[in-house]
Every structure is written in structure tokens, then in C-alpha cells.
Amino acid sequence: MQDRTNQRDGKINDEIKLRQDQESKTRIIQMKPPKFLVAIGVVVSFLFGSAQAVDPYGPADADWTIIVMDPMAAPLACDCVQGYAQRKYERFADYLSDKTGKKVRVVWAESLTKALADEAKGKADLVIGKDSVIRHDAKNSKRDLLPIAQLTDMQGSVMQRGLFVVLKEDPAATLLDIEGYSILWGPEDCDEKSAAPRETLKELELEVTDGNECASCSIAAKQLAADGLAKKQVAVISSYAAPLLEGCGTIQKGDLRIIGNSDDVPFISVFADANLAKSDQDAIASALLQMKSPEMLAALETKEGFLLYGSQKKSR
């Protein structure tokens with residue numbers, strides 16, 4: 001009981017500190033009305049869901065097939081923010097082929113199950129993408145995948161988190177102010193928008209209600225805007241998604257405020273097929289950890305490249 005009390009007190013102290021920080025620094029994301037409601041379905045659907053089909057890269061008779069589900073990959077995002085969410089996995093395939101002597105093919109997809117049934121033709125030697133999404137899809141596809149590495153972002157972190165956002169006019173300043181609000185959660189397979197923020201609110205012992213489950217960050221933001229202050233609502237979006245929402249021109253600084261965040265969860269991970277030969281797994285892991293050239297780091301928008309899975313701990 002004492003441990004639980006200490007844990008809750010720690011969370012409350014974090015929220016009090018956030019409230020104090022906001023007195024000197026406003027944390028905001030702004031939306032354009034009313035173009036937001038129109039353009040969000042056109043532009044952001046490409047950012048966060050229903051991405052257009054793209055041809056695979058590499059030979060059809062490749063030794064290894066890589067399924068890329070990374071939402072920061074160029075074919076799965078948009079080019080609205082220069083130098084952001086334009087990861088070039090074609091370059092990675094060439095690098096891996098050069099290092100190992102194997103022929104490599106890349107298939108981009110938002111769903112492991114769909115990729116296996118389509119362009120991947122049942123092969124998934126490597127899968128790269130959101131950690132929790134891959135685990136969820138692997139279970140549904142009955143695939144035994146082993147985590148071997150994690151890709152760092154431009155700050156050197158392998159983590160992401162959920163951001164609690166409200167309309168700028170909402171009186172809530174921190175999570176301590178959202179008692180009785182409804183929460184627009186993300187899909188269950190996105191830990192940063194479901195499991196992690198739920199745990200945060202549980203630790204704070206806040207009484208909230210479940211709002212709609214939003215398939216994407218854009219849908220959650222759209223619902224906040226459409227409902228206005230008539231409903232006391234908080235949306236949970238992915239930390240990596242905020243720049244994309246702003247960059248597409250539908251969200252600018254000013255209309256949405258960040259009032260809190262969840263704990264860190266793993267972001268982009270590399271999983272290998274458990275049935276892949278151990279020698280192949282070792283060769284791939286070695287190549288990943290050696291990827292340190294400036295050109296490759298730039299191609300994958302990463303500060304430190306790949307790290308051994310689980311070697312970097314959560315910050316909180």
C-alpha cells in the first residue's frame with residue numbers, strides 16, 4: 001500500500017511541476033478552422049491510416065523479405081515536414097544486402113496480416129515498426145517473431161509516449177484537472193494511446209469515462225474540434241505525430257494544448273522471424289548495430305542508429 005501511495009504521490013508531483021512550468025511556457029498545438037475538418041480526411045489519412053499502395057523494393061526472389069510498418073517511413077507518411085517522417089528503407093535494404101551478401105526485398109504496409117497475404121507472399125524475415133503494433137499483429141497472424149533491435153530517433157531515444165491534448169480554451173491545465181472528462185483513446189494495439197495513458201490515469205486515481213476509440217491521431221483531433229467545449233474531452237495522440245499534424249497545414253500552434261503525457265513505451269523495433277536461421281539472425285543483428293555512417297543515419301532519420309533490443313531503459 002505504501003509503495004502505491006508513493007507511486008501516486010510521484011505522479012501528482014509530476015503534474016504539479018507541469019502546471020508550474022506552464023506558467024512560463026505554453027505547450028500548444030494549433031488548428032486551422034474550418035479547413036481542418038475538410039483537409040484532415042484528405043491529408044492526414046495519408047499520415048496515419050489508409051496510406052496509398054507502394055511497390056515493393058528489391059528482387060522478387062530475395063533471400064530476406066522485410067515488412068516495414070514504421071509510420072515514419074516515407075511511403076507511410078507525407079512529406080509535409082522537411083526532413084521528418086521520410087525514412088528511406090530502400091537505403092537500408094541496400095545497406096543490409098551489402099553487409100551480408102543477401103538479396104533483400106522491402107514491403108511497406110500498415111498491417112502485418114495484409115502484407116503477408118499480399119506483396120510479402122507469406123514471408124516476414126524481418127518486421128520493422130511500432131513495437132506494440134507488431135506484437136499485436138504477430139499474435140493475430142500466428143507468427144513467432146523475436147525482437148532484436150530498436151531504432152533511435154533524432155534525439156537518441158527508442159521510446160515514444162502518449163500526449164493528452166485538449167482544446168486551447170479548455171480550463172484543464174494538467175491531468176489533475178480532468179476529473180469527470182471523457183477520454184478519446186487510440187486503438188488497443190497502440191500502447192502509447194491506450195495501455196500507457198490508461199495506466200497513467202489509474203496511478204493518479206482519476207475518475208474519467210471512456211470516449212470513442214479513435215483509429216488515428218487525426219480522427220481524435222478532428223473529434224475534439226467538432227465537439228468543441230460542449231463536451232469535456234481529452235484526446236490521446238502519439239508524441240511523434242504532433243509535428244506531422246502541424247506540418248500538413250491543418251494544425252498550427254495555438255488551438256490544442258498538451259496537458260500531460262504517459263510513461264514511455266518502445267517505439268520502432270526490429271523483429272526477426274523465429275524460424276530464421278540463427279546465423280542469419282546474428283548476421284542481421286551485427287549489421288544493424290554497425291550502421292553508423294552519417295549517410296545511413298540521415299536516411300533513417302536516427303541519431304545513433306540501431307541499439308540492441310532492451311538496452312535503453314525508460315526515462316520514467
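**Notebook: contacts, helices, a pocket and selected loop residues**

I began with the contacts of the protein chain: among those with a separation of 6 or more, residues 24 or more positions apart account for 82%. I took contact to mean heavy atoms within 4.5 Å. The model is a predicted one, in which local features need pLDDT of at least 70 and side-chain atom pairs count only at pLDDT 80 or more, while totals for chains, interfaces and linings use all residues. Residues are numbered from 1 along each chain as its sequence is written, and side-chain values use heavy atoms, with hydrogens and water left out.

**Entry 1. Overall content**

I found 10 helices and 14 strands in the protein chain. Both are DSSP runs numbered from the N terminus, helices being H or I with at least four residues and strands E with at least two. Of the 316 residues in the chain, 51% are buried. For accessibility I used relative accessible area with a 1.4 Å probe on protein chains only: under 20% is buried, over 50% is exposed, and in between is partly exposed.

**Entry 2. Helix H9**

I looked up helix H9, residues 278-290, which has 13 residues. Its first and last C-alpha atoms are 18 Å apart, close to the 18 Å expected at 1.5 Å a residue. The expected span is 1.5 Å times one less than the number of residues. The buried residues of H9 are Asp280, Gln281, Ile284, Ala287 and Leu288. Viewed down the axis of H9, they fall within an arc of 130 degrees and so line one face of the helix. The arc is that of the directions from the helix axis to the C-beta atoms. An α-helix has 3.6 residues a turn, so residues three or four places apart point the same way. On the face of H9 turned away from the buried side I noted the exposed residues Lys278 and Ser279. The buried residues of H9 pack against strands S2 (64-69), S4 (126-130), S5 (145-151), S13 (268-273) and S14 (306-308), and against helix H3 (89-100).

Tyr89, Phe92, Ala93, Tyr95 and Leu96 are the buried residues of H3. They lie within an arc of 165 degrees seen down the axis of H3, so they line one face of the helix. Gly101 follows H3 and has a positive phi, near 80 degrees.

In H6, I found Ala196, Pro197, Thr200, Leu201 and Glu203 buried. Down the axis of H6 these fall within an arc of 160 degrees, so they too line one face of the helix. Glu205 follows H6, with a positive phi near 55 degrees.

Asp191 is in the loop between strand S8 (182-185) and helix H6 (195-203). At 28% relative accessibility, I recorded Asp191 as partly exposed. Leaving out residues up to four places away in sequence, Asp191 touches Ser132, Ala196, Pro197 and Val265. Asp191 and Gln160 are 31 residues apart in sequence, with a C-alpha to C-alpha distance of 9.6 Å.

Tyr181 lies in the loop between strand S7 (162-167) and S8. Tyr181 is buried, with a relative accessible area of 3%. Beyond neighbours within four places in sequence, I listed its contacts, among them Asp170, Pro171, Glu207, Val208, Lys232 and Gln233. The C-alpha atoms of Tyr181 and Asp210 are separated by 8.7 Å, at 29 residues apart along the chain.

**Entry 3. Positive phi outside glycine**

Lys121 is not a glycine, yet has a positive phi of about 55 degrees. Lys121 lies in the loop between helix H4 (112-117) and S4 and is exposed, with a relative accessible area of 65%. Glu301, also a residue other than glycine, has a positive phi near 50 degrees. Glu301 is in the loop between helix H10 (294-299) and S14, and at 7% relative accessibility counts as buried.

**Entry 4. The second largest pocket**

I looked up the second largest pocket, with a volume of about 420 Å³. A pocket here is an open set of points on a 1 Å grid over the protein atoms alone, where a 1.4 Å probe fits, with protein on both sides within 12 Å along at least five of seven lines; lining residues have an atom within 4 Å of a point. Grid points are joined across faces, edges and corners, and the volume is the space filled by probe spheres set on the points. The lining has 17 residues, with Asp153, Gln155, Met159, Ser239 and Tyr240 nearest the centre. Strand S6 (159-160) and helix H8 (242-247) are the elements that give two or more residues to this lining. By class, I noted 8 nonpolar, 4 polar and 5 charged lining residues. Ala, Val, Leu, Ile, Met, Phe, Trp, Tyr, Cys and Pro count as nonpolar, Asp, Glu, Lys and Arg as charged, and the others, Gly among them, as polar.
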